[in-house]
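Work through the following exercises with the sequence and the structure side by side, and try each task before you read its solution.

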Amino acid sequence: MTELFTERGRELVERMAALGPAIAERSHRYDREATFPFENFDDFRDAGFLGLCIPEEHGGLGADFATYALVSEELGRHCGSTALTFNMHTATMLLTSQIADDLEMSDHDRAVHATRRAEMYRGVVEDGHIHAQPFSEGHLPGATAGVSTRAVQVDGGFRVTGRKIFASLAGAADRHNVTCMVEGEDQIRFLGVPADADGITIEGDWDPVGMRGTVSRNLLFDDVFVPAEHEYLPPGCFDQAAERWPYFFMTLSFSFLGIQRAVLDFTSTYLRGDNGPSERRDNHQKQHGWGEMRLTHERSQALTYRVLAEAGVDPAPEQVQRAWAAVVTAMEAAPDMASTAVRICGGRSLLRPQVLERLYRDARCGATMLPWSVEVCLERLGRADLFDDADLPA
Ligand SMILES: Cc1cc2nc3c(=O)[nH]c(=O)nc-3n(C[C@H](O)[C@H](O)[C@H](O)COP(=O)(O)OP(=O)(O)OC[C@H]3O[C@@H](n4cnc5c(N)ncnc54)[C@H](O)[C@@H]3O)c2cc1C
């Protein structure tokens with residue numbers, strides 16, 4: 001079991017909390033305009049947060065998976081879109097550091113990986129690079145069920161062709177870290193496509209109901225050259241990570257724990273009369289609704305924290321099931337709480353620039369996040385322990 005609240009972890013959460021008011025202030029504009037939170041990422045760059053999960057020996061802040069979760073939760077409290085996009089960036093840092101360190105690799109692959117990630121980290125820490133993770137293609141739902149994006153090996157690297165949907169940070173990232181396959185292989189390659197390479201098109205409108213600041217448009221790759229040094233995991237390691245470090249797929253849920261917290265923040269202030277028409281806290285119905293919201297949040301946070309304390313390589317099946325349960329709970333608790341808050345706060349709480357209506361919309365997006373969407377997790381939970389592994393469909 002990992003100790004969840006280390007002194008260092010608390011300090012990093014406090015540092016993120018200090019950035020919170022400025023982030024919250026801007027969140028309304030990003031939401032209205034559906035634009036990327038560049039100023040927030042500038043703040044992260046200045047505060048060293050782009051390197052949150054980069055090891056200290058490479059100039060990062062050295063946060064591990066659990067500490068990342070706590071920092072992400074705090075960020076989600078101030079702006080869901082920023083938390084979600086920050087997750088895409090930071091997930092690559094975790095994948096190439098703590099997670100990669102736990103995977104089996106040959107000595108040669110380990111040495112190559114060490115060189116490549118050092119250069120990638122240098123780009124983030126010194127040049128302020130932002131990384132994205134466009135994995136979704138809209139064809140196959142599973143984490144490693146196969147991808148259609150193709151990489152052809154050429155002199156000095158790869159040529160990548162394919163299409164990714166919902167590519168958060170599409171016009172903002174310096175690297176699009178894609179999953180792709182080489183013809184004839186049965187393993188996923190993890191390649192960092194330089195955003196300024198020839199053959200990349202960002203297409204489609206972006207006018208969604210929530211998480212509007214993520215600007216998750218479609219990305220088209222047409223024979224795009226990717227240098228060999230941008231293979232950020234040795235071949236086979238992405239599949240190994242999905243199998244042996246599945247907690248990687250729950251990182252998005254921490255943003256939604258933060259949104260739950262934001263709903264609580266809003267509701268308590270509103271019922272006390274500080275940001276609403278007048279005090280409402282004497283009404284028993286309101287107190288009951290408020291109590292329900294607290295319970296929902298406490299359950300969700302407690303379950304996530306339990307999972308965080310045991311997160312690591314090669315979890316037991318029961319632990320993976322608990323992780324699915326934590327994701328479903330976080331992703332469903334956030335919209336439930338926002339919905340209850342609307343009920344008990346009333347119509348005027350929905351008027352902009354009150355944040356509740358945005359929280360309500362952002363919260364609803366959580367369930368859709370593949371590969372561990374709520375439906376996928378529920379389906380897996382529904383089958384677990386009812387069948388032997390051999391009887392389970394893939
Ligand atoms: C704001 C936002 C930002 C995003 N950012 C990114 C990003 O940066 N990178 C990225 O890779 N993706 C991103 N996504 C995409 C996301 O992870 C999903 O891929 C996307 O929401 C899938 O939409 P779809 O209509 O293709 O769903 P479909 O795949 O058509 O699924 C439809 C429904 O069926 C469920 N479902 C699908 N497969 C199964 C299954 N096997 N078992 C049970 N239920 C299933 C789904 O959960 C969903 O409810 C983002 C999505 C949103 C909304």
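**Exercise 1.** In this predicted model, find the residue of β3 that stands opposite V152, and then describe how strand β2 pairs with strand β3 and with strand β4.

*Solution.* Begin at V152, which stands opposite R159 in β3. Next, widen the view to the whole strands: β2, residues 150-154, and β3, residues 157-167, pair in the antiparallel sense over five bridges. Then look at the turn of this hairpin, where two residues lie between the strands and G156 takes a positive phi near 80 degrees. Finally, turn to β4, residues 175-182, with which β2 pairs in the parallel sense over two bridges; here R150 has M181 as its bridge partner.

**Exercise 2.** Determine which residues of helix α10 are buried, and which helices they pack against.

*Solution.* Take residues 356-364, which form α10, and count a residue as buried if 20 or more other C-beta atoms lie within 10 Å of its own. The buried residues found in this helix are L356, R358, L359, Y360, D362 and A363.

**Exercise 3.** Which residues does L359 contact, leaving aside its neighbours within four places in sequence?

*Solution.* With those neighbours set aside, L359 is in contact with I259, A262, V263, F266 and A338. Now place L359 in the largest nonpolar core, which has 108 residues: L359 is among those that touch the most other members, together with V160, L191, V327, A334, A338 and A341. The largest share of this core, 14 residues, comes from α9.

Technical notes. Residues are numbered from 1 along each chain as its sequence is written. This is a predicted model: local features need pLDDT of at least 70, side-chain atom pairs count only at pLDDT 80 or more; totals for chains, interfaces and linings use all residues. Two strands pair if DSSP finds at least two bridges between them. Helices (H or I, at least four residues) and strands (E, at least two) are DSSP runs, numbered from the N terminus. A residue is buried if 20 or more other C-beta atoms lie within 10 Å of its own, exposed if 12 or fewer, and partly exposed in between; C-beta atoms are placed from the backbone. Two residues are in contact if their C-beta atoms, placed from the backbone, lie within 7 Å. A nonpolar core is a set of buried Ala, Val, Leu, Ile, Met, Phe, Trp, Tyr and Cys residues joined through C-beta atoms within 7 Å.
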